[in-house]
Amino acid sequence: MHPPTTRGIITQVTLCAATTGVNYACSCNTALQQALDRGIPDLHQGMCQFPRGGQTLLSMSDFSMKDKDLESGLARVETQDLTYSEYLGLDAILGAQHPRADPPHHDEMLFIVQHQIAELWFKLSLHELRAALDMIRNDHLEPCIKIIARIKMVQQQLFSQWAVLETLTPVEYVQMRDVLGTASGFQSLQYRQFEFALGNKNRSMLDIHGVGTAGGRALAEWLNRPSIYDEFLRHLARNGHDVPEDRVNRDWGEAYTSHPGVVKVFKRIYENPQRYWDAYDVSEKLVDLEENFQLWRFRHMKTVERIIGYKSGTGGSSGVPFLRRALEIQFFPELLEVRTEIQA
Ligand code: HEM
């Protein structure tokens with residue numbers, strides 16, 4: 001997080017990549033300070049570019065290595081009414097890593113942090129999805145498009161994150177496999193809620209989490225409400241599209257199945273994007289969400305394959321074969337089927 005710059009004078013600074021190996025683009029002084037801290041020797045006019053239109057009130061000589069004095073407006077943390085750490089609950093978050101290996105295993109921290117970060121992104125995704133569902137329910141597609149775009153970016157973070165875990169070798173994993181016991185991502189409540197929100201409903205997951213437990217109840221809530229796709233189809237029906245009745249009023253807890261009538265609806269939308277722009281745009285955003293979800297699944301499966309091979313999982317599944325089967329799951333079947341129907 002960048003603190004707001006007290007001087008507000010730099011709109012963007014790009015340090016010449018050829019010289020520094022790094023591009024810094026930042027709306028505050030922090031990135032620049034980081035560059036200085038990393039020992040970039042000399043920042044003079046010739047090495048830097050300011051974008052056209054950027055308000056540049058500092059001369060480059062202000063960025064010399066010796067200029068590290070703090071600004072007078074910056075106060076000691078303990079004197080602040082609300083601190084960074086308090087606002088973000090950092091004591092709780094940074095105190096929530098409890099490695100179990102004895103003697104300690106260096107890589108266990110990576111394993112824990114990686115999962116925790118994914119759970120935080122799941123949390124944000126669910127928060128955003130809740131808002132998106134409300135918007136579609138109220139026929140406000142435009143703000144919903146923005147929300148879905150944000151979820152898409154979160155999914156990209158989740159996807160990229162696998163690269164960090166891929167640095168864990170098979171040997172490192174087996175050395176700490178025992179401490180994981182029967183814990184598995186398969187038990188992730190938020191992941192399952194995310195899937196339900198997107199439409200991959202599976203009632204048997206309630207048993208896994210325990211009917212009547214807090215987790216089971218939280219899951220049942222997402223199971224028994226319309227998914228984002230259900231809400232979208234209902235929106236289309238309200239707005240003059242001929243969506244089959246049994247696709248707009250159904251048992252939301254059951255898995256959605258494709259219907260030729262819905263393919264027809266999407267064919268009309270896809271062949272007339274200008275006329276149905278918002279509906280078309282949401283459709284494409286949903287395809288993005290599904291694709292990103294599948295990419296995450298795929299990379300999870302490949303990461304698992306390279307770390308544990310074909311051993312069974314800590315959650316009790318066959319491991320890679322189990323994860324591979326999930327790659328067949330579709331959330332929004334007609335949005336893919338319609339592409340086969342589209343003619344020139
Ligand atoms: C070394 C790292 C990992 C290994 C070896 C691994 C292995 C597995 C295996 C074998 C399964 C199948 C269920 C089971 O039998 O346990 C599974 C499921 C799952 N894992 Fe991982 N995993 C790893 C990292 C992660 C991470 C970082 C996340 C992030 C939250 C995650 C989330 C999940 C989820 C959500 C499922 C359920 C998938 C589904 O039911 O479709 N896993 N994992």
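Predicted model: local features only at pLDDT ≥ 70, side-chain atom pairs only at ≥ 80, totals over all residues.
1. A residue counts as buried here if 20 or more other C-beta atoms lie within 10 Å of its own.

2. On the overall build: the chain has 17 helices and two strands. If you take the contacts between residues at least 6 apart in sequence, 65% of them join residues at least 24 apart.

3. Now the ligand. There are 24 residues around the ligand, and Ser184, Gly185, Gly313, Gly315 and Ser317 come nearest. Helices H5 (108-137), H15 (277-308) and H16 (320-325) are the elements that each give two or more residues to this shell. H15 gives the most, with four residues.

4. Helix H6 (residues 141-160) is worth a look. With 20 residues at 1.5 Å each, H6 should span 28 Å, and its end C-alpha atoms sit 29 Å apart, so the two values agree.

5. Which residues of H6 are buried? They are Leu141, Cys144, Ile147, Ile148, Ile151, Gln155 and Leu158. Looking down the axis of H6, these buried residues fall within an arc of 110°, so they line one face of the helix. On the face turned away from that buried side you'll find the exposed residues Glu142, Met153, Gln157 and Ser160.

6. As for partners, the buried residues of H6 pack against H5 and H15. Both H5 and H15 also turn up among the elements giving residues to the ligand shell.

Terms used: Residues numbered from 1 in each chain as written. Near = placed C-beta within 6 Å. Expected span 1.5 Å × (residues − 1). Buried ≥ 20, exposed ≤ 12 C-beta atoms within 10 Å, placed from the backbone. Arc of directions from axis to C-beta. Contact = placed C-beta atoms within 7 Å.
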